[in-house]
Amino acid sequence: MKVTNAEFVISAVGPKQYPEDGLPEIALAGRSNVGKSSLINRMIQRKNLARTSSTPGKTQHLNYYRINEELYFVDVPGYGYAKVSKTQREQWGKMIEQYLQERETLRLVLQIIDLRHPPTKDDELMYDWLKAFDLPVCVVATKADKIPKSRWQKHMKIVREGLALRAGDPIVLFSSEEGTGKDELWALISQHVKAEESGREEGTDVSEDPVRNSVETDG
């Protein structure tokens with residue numbers, strides 16, 4: 001996708017603040033400080049639209065970014081950050097759970113994993129939770145530039161096995177620094193969006209037609 005327009009729209013804390021234009025939404029989920037903002041900036045070819053921070057736990061709302069008047073990226077609060085109060089973690093959890101379960105315009109969840117390290121228990125729990133609610137998931141293994149190319153496949157295998165990645169769920173190797181995986185990820189996102197639009201036009205159910213082109217899948 002060629003991005004010609006991208007803008008921050010709103011930091012939402014609940015359904016009353018969600019955009020009402022019906023555009024499809026792509027959610028980004030991952031541990032705090034895993035690089036979700038950097039991924040967004042690379043995907044839209046902008047340096048600072050999504051604010052990056054060295055302080056984990058900074059994203060506390062659902063941050064909406066509208067792309068080409070065609071879709072939204074929705075950056076959700078990072079999980080697994082211990083240095084916030086239990087009450088705050090519970091509030092974030094409820095907000096995220098409500099959004100992921102109830103948002104009708106949600107088309108795909110990108111679960112962002114740091115390729116350098118095995119998935120954490122929080123990563124495993126998030127993936128299992130997403131699958132329990134039958135949400136379409138693409139795992140994005142980012143920070144690939146921090147690892148020699150000769151070790152990419154070894155680390156990808158560790159991610160797949162650590163999450164017990166289900167057959168058909170894509171995994172994309174990505175680098176926000178170098179742009180590795182950007183085109184493959186856009187192709188997958190575009191297919192999810194177009195498949196949903198086609199399904200609505202034809203009155204068919206596209207939920208059982210997983211997108212497998214241009215990315216590596218398990219199985």
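Predicted model: local features only at pLDDT ≥ 70, side-chain atom pairs only at ≥ 80, totals over all residues.
Of the 219 residues in this protein, 48% count as buried. Here, buried means that a residue has under 20% relative accessible area.

Let's take the overall layout next. The secondary structure comes to five helices and eight strands. Starting at the N terminus, the elements follow one another as β-β-α-β-β-α-β-α-β-α-β-α-β. The contacts tell you how the chain folds back on itself: among those between residues at least 6 apart in sequence, 76% join residues at least 24 apart.

Now find helix 1, which covers residues 36-44. Seven of its nine residues are buried, so this helix is largely enclosed by the rest of the structure. The buried residues are K36, S37, L39, I40, N41, M43 and I44. Just after helix 1 comes Q45, with a positive phi of about 60 degrees.

From here, move along to strand 4, residues 71-75, where five of five residues are buried. Which residues lie on each side of this strand? L71, F73 and D75 are on one side, while Y72 and V74 are on the other, and both faces are covered.

Strand 4 also has partners to look for. Strand 2 (residues 25-30) runs parallel to strand 4, and four bridges join the two. As an example, A27 stands opposite V74 of strand 4. Strand 3 (residues 62-67) pairs with strand 4 in the antiparallel sense, over five bridges. In that pairing, N63 has D75 as its bridge partner. Strands 3 and 4 form a hairpin with three residues between the strands, and in this hairpin N68 takes a positive phi near 55 degrees.

Our last stop is helix 3, residues 121-132. Its twelve residues reach 16 Å from the first C-alpha to the last, close to the 16 Å expected at 1.5 Å a residue. Buried in this helix are D123, M126, Y127, L130 and K131. Looking down the axis of helix 3, you would see the buried residues fall within an arc of 130 degrees, so they line one face of the helix. The face turned away from that buried side carries the exposed residues K121, L125 and A132. Just after helix 3, D134 takes a positive phi of about 55 degrees.

Notes:
Residues numbered from 1 in each chain as written. Heavy atoms only, no water. Buried < 20%, exposed > 50% of the residue type's maximum accessible area, 1.4 Å probe, protein only. Contact = heavy atoms within 4.5 Å. Pairing = 2+ DSSP bridges. Expected span 1.5 Å × (residues − 1). Arc of directions from axis to C-beta.
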